[in-house]
Amino acid sequence: MTGLVFKRLWIVSKLEKAARMVSFQPGTNILTGENDVGKSTLIKSLYHSIGADAPQMNNTRWKRAKAFYCSEISLNGATYFIVRDGKHFGVFDAQKDMLSKHSGISTEGGIADFICDQLDFNIELEKSADGKLGRAGPAFYFLPFYVDQDAGWTKSWDSFSGLQQFTSFRKNMIEYHLGIRPQSYYDAKKKEMEFVEAKSSLQGERNVLSTALATFQKRSSQIQVSLDPEAFKEELDQLVDAYNLQRARQQDALSRVRTH
């Protein structure tokens, strides 16, 4: 976690045509204020801007504002600007030159490709929907470090949205963050799942071929083929006559060539 530092955050409302910029100082920052002035929303927005969605970020009031975000962060000593508008992200360097663009979070080509790679967080977990492996996004990296006031107090390790897409995510992330199961374990687990899927695919192909072979053998055993030469005597006589005719023509042609 020491590799990522928030420096500034911009929140822009396309509907209200208004914006807010908040700067953060090195070290510990404390937010103070009365209730309902936006302290929690500011913290949620920090995580949201880099692909870790906190609850209530899509409530009706916030949706009406049509907000998009830009966070300036220091990641492993380098400065980046990350712009988020809905599910779309853009990553820029310190000179504000675009480095990459992303759609979605954990899907192929999502912002996790940048954030998680920079954090050396390359964990794939079993999906609840189909049992296949899927990439854990930034929210899973930040789980131990953020307690959401809307959801985090009622259930442990539940401060981000979309966590239930993976089975046993709490157990897996506790073991990862405590060092019980390091990155190498999940790398090996991924290879194991790939071998299992490859084996299953080959087994499916084998079953198809076995079924086709059995069907062919069954049908071929029922086909009776007559090999009695007498049954084809007329055809054989025609072939012999045709051969003899061609043979005679060939001999005649050779004889004319020799005489000349």
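## Ground rules

A residue is called buried when its relative accessible area is under 20%, exposed when it is over 50%, and partly exposed in between, using a 1.4 Å probe and protein chains only. Isoleucine 180 therefore counts as exposed, because its relative accessibility is 56%.

Please keep in mind that this is a predicted model: local features need pLDDT of at least 70 and side-chain atom pairs count only at pLDDT 80 or more, while totals for chains, interfaces and linings use all residues. Residues are numbered from 1 along each chain as its sequence is written, and side-chain values use heavy atoms, with hydrogens and water left out.

Isoleucine 180 is found in the loop between α5 (169-177) and α6 (183-220). Helices (H or I, at least four residues) and strands (E, at least two) are DSSP runs, numbered from the N terminus.

Together with Ile174 and Leu178, Ile180 makes a nonpolar surface patch of about 300 Å². Like charges are joined within 9 Å, and nonpolar side chains (Val, Leu, Ile, Met, Phe, Trp, Tyr) within 5 Å. The accessible areas come from the Shrake-Rupley method with a 1.4 Å probe, and for residues only the protein chains shown count as cover.

## The largest nonpolar core

Which residues touch the most other members of the largest nonpolar core? They are Phe121, Phe140, Phe142 and Phe160, in a core of 44 residues. Two or more residues each come from β1 (4-13), α1, β3 (67-75), β4 (78-85), β5 (88-93), α3 (112-118), α4 (138-142) and α5. A nonpolar core is a set of buried Ala, Val, Leu, Ile, Met, Phe, Trp, Tyr and Cys residues joined through side-chain atoms within 4.5 Å.

Phenylalanine 140 has contacts (heavy atoms within 4.5 Å) that include Phe121, Leu125, Phe166 and Met173, leaving aside neighbours within four places in sequence.

Helix α1 covers residues 39-49, and its buried residues are Leu42, Lys44, Ser45, Leu46, Tyr47, His48 and Ser49. Just after α1, glycine 51 takes a positive phi of about 100°.

Arginine 84 lies in strand β4 and counts as buried because its relative accessible area is 6%. Not counting residues up to four places away in sequence, arginine 84 touches His48, Ser49, Gly51, Asp53, Phe68, Tyr69, Phe89 and Ile105. With the side chain of aspartate 53, the side chain of arginine 84 makes a polar contact at 2.7 Å. A polar contact is a pair of N or O atoms within 3.5 Å; within protein, one must be able to donate a hydrogen and the other to accept it, and residues adjacent in sequence count only if both atoms are side-chain atoms.

## Histidine 102 and two glycines

Histidine 102 sits in strand β6 (residues 98-103) and is buried, at a relative accessible area of 10%. Which backbone oxygen does its side chain reach at 3.1 Å? That oxygen belongs to glycine 110. The backbone oxygen of glycine 109 lies 3.3 Å from a polar atom of the histidine 102 side chain.

## Charged pairs

How many salt bridges does a search of the whole structure find? The search finds 13. In one of them, glutamate 72 pairs with lysine 7, with the closest N and O atoms 3.9 Å apart. Glutamate 72 is in strand β3 and lysine 7 in strand β1, 65 residues apart, so this pair links distant parts of the chain. Glutamate 72 is buried at 8% relative accessibility, whereas lysine 7 is partly exposed at 31%. Lys7, Arg8 and Glu72 are linked in a network of salt bridges.

Lysine 14 forms a salt bridge with aspartate 85, the closest N and O atoms being 3.2 Å apart. Because lysine 14 lies in the loop between β1 and β2 (18-23) and aspartate 85 in strand β4, the pair ties together parts that are 71 residues apart in sequence.

Note on methods: Patch = residues over 30% accessible without salt bridge, like charges linked within 9 Å, V, L, I, M, F, W, Y side chains within 5 Å. Salt bridge = Lys/Arg side-chain N within 4 Å of Asp/Glu carboxyl O.
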